[in-house]
Amino acid sequence: MTSLFDPAPDGDGAPAVDPGAPLAVRMRPRSLDEVVGQQHLLGPRAPLRRLVESDEPMSLVLYGPPGTGKTTLAHVISLATKRQFVQLSALDSGVKEVRAVIQSAKRELTFSGRRTVLFIDEVHRFSKTQQDSLLSAVEDRIVSLIAATTENPFFSVVSPLLSRSLVLALQPLADDDIRALLRRALTSDRGLGGEVTISEEAQEHLVRIAGGDGRKALTALESGAGAARAVGASEIDLATLETAVAQAAVRYDRQGDQHYDVASALIKSIRGSDVDAAMHYLARMVEAGEDPRFIARRLVISASEDIGMADPTALPVAVAAMQAVQFIGMPEGHFPLAQAVVHLATAPKSNAVTTAIGESVRDVRAGLAGPVPPGLRDGHYAGAKRLGHAQTYVYPHAHPDGVVPQQYPPDALVGKDYYRPTARGAEARLGERLAKLRAIIRRPR
């Protein structure tokens, strides 16, 4: 258990900065105006800013990916409201520690009139019993709870606690937000104090590897600065940074040609059944900070375009990977993406579905349509019978085999084969069945 007010305050009333603390800790904002990003919560008239500036008792659940400012906001809220700040981690705290904080908060409120902000990091790791132990104190406003979680709180936080709290979703920092953090850290007295600069190439590499995570960006910057100072350099260049963070630069412009080149290479490697090349291109896209939804969409398309009915499970796997990425986010989302890539690359391939829909569309555009056969037309409205609609229709389920001779396409397309299954994978068996179906359906009546 730690309190923000344990260190001696500096001249502006904020806690003194420990020069030995990590750069990300030293650069922690001290006011809402210093917070980078999250303008949907902190902009003028945004909900969190209104709550802080009005100094209302509040309990919050901050939900978002790592490094988006959940801990930072908790500290800033405490400073802005001049309340006692107590921090617990769900990793090493239990009901006993929670009750001790609540008792201390009661004494503080009774004898000094000062309220307590209780910040619980990774609250999703608390059991239901541990979360329930907070309810009365939150209800009676003995503490203002700020709970941080990377998990969806509607699945990981008990409903009574959610109903007593305002749930705020934080977003990954934009690239410009990361750049602003880096510039501030390079020049601030609390940061690197202008001791080093950074090349543009190295800065962009930092932005890429950060992936919207401010803490990760500052940690990598600190490592790069240490490596530069160790060799007597005043600038962090790309080679120094790569050595420091042990992560090679991915030369990949998400807005330029390589965005399309690498995506194309991924799909063509899957189509060519080279799982190793496909994994390489997936890794390049992930490391470059490519939008995982873009990757997932391409995999879903590939599952139908290049595999189709040769492996009917390919599409459900790709869709499941897409949904998993949306549910858990990155970086863990690269696991289901990789699983889908392996499945698709090693699956038997067929473009028969692609060819079938392509030829069908071309014929429609060429005017090969024609009227729907009378037996297939809608016969449920008044007057349909007099028009002869649906009167000749034969109900397949009434036949023992479930298949009957009957004309389904317009006259101009009778006997036209659009779907031509290959002899690969599940389509081999499907082709045998399709030949039998067509023989029955097209038999003269």
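Predicted model: local features only at pLDDT ≥ 70, side-chain atom pairs only at ≥ 80, totals over all residues.
**Entry 1: the largest pocket**
I started with the largest pocket, which holds about 1,500 Å³ of space. I found 43 residues in its lining, and P65, P172, G211, G329 and M330 lie nearest the centre. I then looked up which helices contribute: helix 8 (153-156), helix 11 (200-210), helix 15 (275-287), helix 16 (292-307) and helix 17 (314-328) each give at least two residues to this lining. Sorted by class, the lining of the largest pocket comes to 20 nonpolar, 12 polar and 11 charged residues.

**Entry 2: the second largest pocket**
Next I turned to the second largest pocket, with about 570 Å³ of space. Its lining has 29 residues, and those nearest the centre are G67, T68, G69, T72 and R215. Two or more lining residues come from each of helix 1 (23-26), helix 4 (70-81), strand 5 (143-149) and helix 12 (214-230). Helix 12 gives the largest share, 4 residues. By class I noted 12 nonpolar, 10 polar and 7 charged residues in this lining.

**Entry 3: helix 16 against helix 18**
Helix 16 was on my list already as a contributor to the largest pocket, and I wanted to see how it packs. Its axis lies 11 Å from that of helix 18 (residues 334-346), at an angle of about 20°. The angle is under 35 degrees, so I call the two helices roughly parallel. Their crossing is left-handed.

Which residues of helix 16 meet helix 18? I listed P292, I295, A296, L299, S302, A303 and I307, which face L337, A340, V341 and L344 in helix 18. This contact has 10 nonpolar residues, 1 polar and no charged.

Key. Residues numbered from 1 in each chain as written. Heavy atoms only, no water. 1 Å grid on protein atoms, 1.4 Å probe; cavity = no way out; pocket = protein on both sides within 12 Å on 5 of 7 lines; lining within 4 Å. Points joined across faces, edges and corners; volume = space filled by probe spheres on them. Nonpolar A, V, L, I, M, F, W, Y, C, P; charged D, E, K, R; others polar. Axes fitted to C-alpha atoms, helices over the stretch in contact; angles between N-to-C directions. Parallel < 35°, antiparallel > 145°, perpendicular 65-115°, else oblique. Left-handed = near helix turned anticlockwise from the far one by under 90°. Contact = heavy atoms within 4.5 Å.
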